[in-house]
Amino acid sequence: MIDLYTWTTPNGRKISIMLEETGLQYRVIPVNLGKEEQMAPAFTALNPNQKIPTIVDHDVAGGPLAIFESGAILIHRDKEYLAADYSIADIATYPWVSAAWGPLHSTLPDELGKLGNLSGWLDRMKARPAVQRGMAVPKV
Ligand SMILES: N[C@@H](CCC(=O)N[C@@H](CS)C(=O)NCC(=O)O)C(=O)O
């Protein structure tokens, strides 16, 4: 079991997408950044940087093990799901591009129209059920 401390941000959703893709069992613990819950002593004990995402992996030898930094968390479980045409690079990038796409579309529609490959990649990512589930975490 993995505890995922997260909120409704691109960095948080990198990890919920990865967990949905791998099918690893996880429990979501929302950390409301608007209420500064990342500053709470219990959370600071897990991540002294006071940022989400943070996980506690209960299934490692010598665990439980707290891990923070989204890149480190993605690499930690990388061996369980990497495929040649879909990787943690896609997962790490998608929540940011997805968040930026709407505002960029309103301000620079002509420029985005030239980015057919990026648009196609976004559509393929959005069509993945695990990406849809991961983007809906946490439920608030
Ligand atoms: N380099 C970190 C960045 C994490 C990060 O900036 N998290 C933000 C939300 S996306 C956060 O927790 N901010 C709260 C704060 O800075 O007080 C990572 O990739 O995990």
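Helix 1 (residues 10-22) and helix 4 (residues 88-107) pack against each other at an angle of about 135°, and their axes lie 9 Å apart. That angle makes helix 1 oblique to helix 4; angles under 35 degrees count as roughly parallel, over 145 as roughly antiparallel, 65 to 115 as roughly perpendicular, and the rest as oblique. Here the axes are lines fitted to C-alpha atoms, for helices over the stretch in contact, and the angles run from 0 to 180 degrees between N-to-C directions. Helices (H or I, at least four residues) and strands (E, at least two) are DSSP runs, numbered from the N terminus. The model is a predicted one, in which local features need pLDDT of at least 70 and side-chain atom pairs count only at pLDDT 80 or more, whereas totals for chains, interfaces and linings use all residues. Residue numbers start from 1 along each chain as its sequence is written.

The crossing of helix 1 and helix 4 is right-handed. A crossing is called right-handed if the near helix is turned clockwise from the far one by less than a right angle, and left-handed if anticlockwise. On the helix 1 side, the contact is made by Pro 10, Arg 13, Lys 14, Ile 17 and Met 18. These residues meet Ile 88, Ile 91, Ala 92, Tyr 94, Pro 95, Trp 96 and Ala 99 in helix 4. Two residues are in contact if their C-beta atoms, placed from the backbone, lie within 7 Å. Sorted by type, the residues of this contact divide into 10 nonpolar, no polar and 2 charged. For this sorting, Ala, Val, Leu, Ile, Met, Phe, Trp, Tyr, Cys and Pro count as nonpolar, Asp, Glu, Lys and Arg as charged, and the others, Gly among them, as polar.

Tyr 94, a residue of helix 4, deserves a look of its own. Tyr 94 counts as buried because 23 C-beta neighbours lie inside 10 Å. The cut-offs are simple: a residue is buried if 20 or more other C-beta atoms lie within 10 Å of its own, exposed if 12 or fewer, and partly exposed in between, with C-beta atoms placed from the backbone. Not counting residues up to four places away in sequence, Tyr 94 touches Ile 17, Met 125 and Val 131. Tyr 94 and Arg 27 are 67 residues apart in sequence, and their C-alpha atoms are 22 Å apart in space.

Leu 74 is found in helix 3, which spans residues 70-76. With 19 C-beta neighbours inside 10 Å, Leu 74 counts as partly exposed. Leaving aside neighbours within four places in sequence, Leu 74 is in contact with Lys 14, Met 18, Ile 88, Ile 91 and Ala 92. The C-alpha atoms of Leu 74 and Ile 88 are separated by 6.5 Å, while the two residues are 14 residues apart along the chain. Thr 22, in helix 1, is also partly exposed, with 16 other C-beta atoms within 10 Å.

The next topic is the ligand. The residues around the ligand are Thr 9, Asn 11, Leu 33, Gln 38, Gln 50, Lys 51, Ile 52, Pro 53, Glu 69, Ser 70 and Gly 71. A residue is near a molecule or strand if its C-beta atom, placed from the backbone, lies within 6 Å of it. The shell divides into 3 nonpolar, 6 polar and 2 charged residues.

Some backbone details belong to this shell. Most residues other than glycine have a negative phi, and most peptide bonds are trans. Gln 50, in the loop between helix 2 and strand 3, has a positive phi near 60°. Gln 50 is partly exposed, with 17 other C-beta atoms within 10 Å. Glu 69 also has a positive phi, of about 80°, although it is not a glycine. Glu 69 lies in the loop between strand 4 and helix 3 and, with 15 C-beta neighbours inside 10 Å, counts as partly exposed.

A cis peptide bond joins Ile 52 and Pro 53, with omega about 0°. Pro 53 lies in the loop between helix 2 (41-46) and strand 3 (54-57). Ile 52 counts as buried, with 27 C-beta neighbours inside 10 Å. Beyond four places in sequence, Ile 52 touches Tyr 5, Thr 6, Trp 7, Asn 11, Gly 12, Val 31 and Gln 38. Another cis peptide bond joins Gly 63 and Pro 64, with omega about 5°.
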